[in-house]
Every structure is written in C-alpha cells, then in structure tokens.
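Subject: Structure handover

Hello,

Here is the structure we spoke about. Please look through it first, then read the notes below.

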Amino acid sequence: VATGRGDDPPQWITHGLPSSAFSLTSQYRIISLDFREIPETLDNPDFRIRIRFDGDNLIADDGNRVTFNNFSLEILESSVEVTGIGRDTERERQHNDIPHQLTLEQNYPNPFNPSTTIRYALPEATHVTLTIYTILGQRVQTLVSGRREAGSHVYTFDASDLAGGAYIYELRAGDQRIIRSMMLVK
C-alpha cells in the first residue's frame, strides 16, 4: 500500500494487513484484503496497491509463467470516488435505479469450474435471451428466455455436465446483442 499523497514519493507499507504475502498456485482463488485498519488509506485519493513478485531467480526463463485473468478490485464502504473501472459494483447498482445502457459483464470467475456468475443490466423492460454456445457456434443451453424488468440481473451457470474448454455466451435484448467468451477448466 502506498502512503504518499500528491507529489510525495510513495512509501510502500504492509503493516495493518492480515497478510502481505500469498503463494501463487495453478488453482483459481480469491484473495481479499481489508484496508480499513490502515489509517494511511482512509480518505486518501492517492491510495495505491502494488503487486510484487519474489523468488530465487525472477529473470530465469524456465518455461514457467504467470497469467492473471479477471484481476479486479472491489471497493466497499469507501468515500473515494473510483473512475476508470469497467464495471459497476453491487453498491453502485443499489444507488442507480435504472442503468443507462444494456450491459453484459465478463463472467466471474473466469476460468471456472464448475459454476460461474453472469451479470447483465437492462435499461428498460424487454424480452431477453441468455444463451451458451460452443466455440463453433452450436447452442449448448438457453439460460434465460423471457421478459425481464429494467435493472441488474444475475445468473449462476452450472457447467458440471459440460466438457472443459472455451464457450461463448450471448445476451440478446430487443434488437441488441452482446457476446463474451468464458473458459471452463476441468
């Protein structure tokens, strides 16, 4: 966590965190940290987080690599205005009655096994279909089909019966269509 403000150089600290080191594994996992106990982060518009990798030889090319998918930051109970984040949080949705446009978020987690959450938002009540396809375009399953009210919606997709691999999910609402991809890992 950076404690510097304005033009001051950042002073990186870890005190106040329940843990400051996490092992990388091949399994998907959620790491949650609560910064409210660190006074330097409160009401600090210059608050920053740094991810640093440590190891025996970080410049060796031994075929290992790290890929981050769906790296996200969720701010809860914060007075800091966040800009530039591509998706609304649940807290923001509660304060905005109706979204301004049709949205289909990236499923979370992704990659996933066996279930994942798909969120979408409608600016007006309309007929909606949410469909899963193979990467070759074959329909696998229609998750939602029918009229839905304006606002935010969540669907948990259980892919226990599907083979691992890449899939496409499509949201159709009125004459609009949004497509995203997801990865089922088994």
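Start with Thr 129. With a relative accessibility of 18%, Thr 129 counts as buried. Buried means under 20% relative accessible area, exposed means over 50%, and partly exposed lies in between (1.4 Å probe, protein chains only). Thr 129 belongs to strand E3. Beyond its neighbours within four places in sequence, Thr 129 is in contact with Val 144, Ser 145, Glu 170, Leu 171 and Arg 172. Contact means heavy atoms within 4.5 Å.

A word on the source. This is a predicted model, in which local features need pLDDT of at least 70 and side-chain atom pairs count only at pLDDT 80 or more, while totals for chains, interfaces and linings use all residues. Residues are numbered from 1 along each chain as its sequence is written, and side-chain values use heavy atoms, with hydrogens and water left out.

Confidence

pLDDT is the predictor's confidence in each residue, from 0 to 100. The chain averages 76, and 65% of the residues score at least 70. Where is confidence lowest, and where is it highest? Helix H1 (residues 90–95) is lowest, at a mean of 40. Strand E6 is highest, at 96. Over residues 77–96 pLDDT stays under 50. The model has 15 contacts beyond four places in sequence for that stretch. Where pLDDT is low, the predicted coordinates should not be read in detail.

Overall make-up

The chain holds 1 helix and 7 strands. Along the sequence the pattern is α-β-β-β-β-β-β-β. Helices (H or I, at least four residues) and strands (E, at least two) are DSSP runs, numbered from the N terminus. Of the 186 residues, 26% are buried. Among contacts with a separation of 6 or more, 57% link residues 24 or more positions apart. The chain exposes about 13,200 Å², and carbon and sulfur atoms supply 47% of that. Accessible areas come from the Shrake-Rupley method with a 1.4 Å probe; for residues, only the protein chains shown count as cover.

Two strands pair if DSSP finds at least two bridges between them. E3 (residues 126–134) and E4 are joined by 8 bridges. In that pair, His 127 stands opposite Arg 147.

The three-strand sheet

Another open sheet has 3 strands, ordered E1-E2-E5, also with antiparallel pairing. E1 and E5 are the edge strands, each pairing on one side only. E1 and E2 share 2 bridges. E2 and strand E5 (residues 151–158) share 8. Ala 121 in E2 stands opposite Thr 103. Ala 121 also stands opposite Ser 152 in E5.

The core

Which residues have the most contacts inside the largest nonpolar core? They are Ile 118, Tyr 120, Leu 130, Ile 132, Phe 157 and Met 182, in a core of 20 residues. E2, E3, E4, E6 (165–173) and E7 each supply at least two residues. E6 gives the most, with 4. A nonpolar core is a set of buried Ala, Val, Leu, Ile, Met, Phe, Trp, Tyr and Cys residues joined through side-chain atoms within 4.5 Å. Not counting residues up to four places away in sequence, Phe 157 touches residues including Phe 112, Pro 114, Ile 118, Leu 143 and Met 182.

Two cis bonds

Most peptide bonds are trans. The bond from Tyr 108 to Pro 109 is cis, with omega near -5°. Another cis bond joins Asn 113 and Pro 114, with omega about -5°. Pro 109 is in the loop between E1 (103–104) and E2 (115–122). Pro 114 is in the loop between E1 and E2 too.

Best wishes
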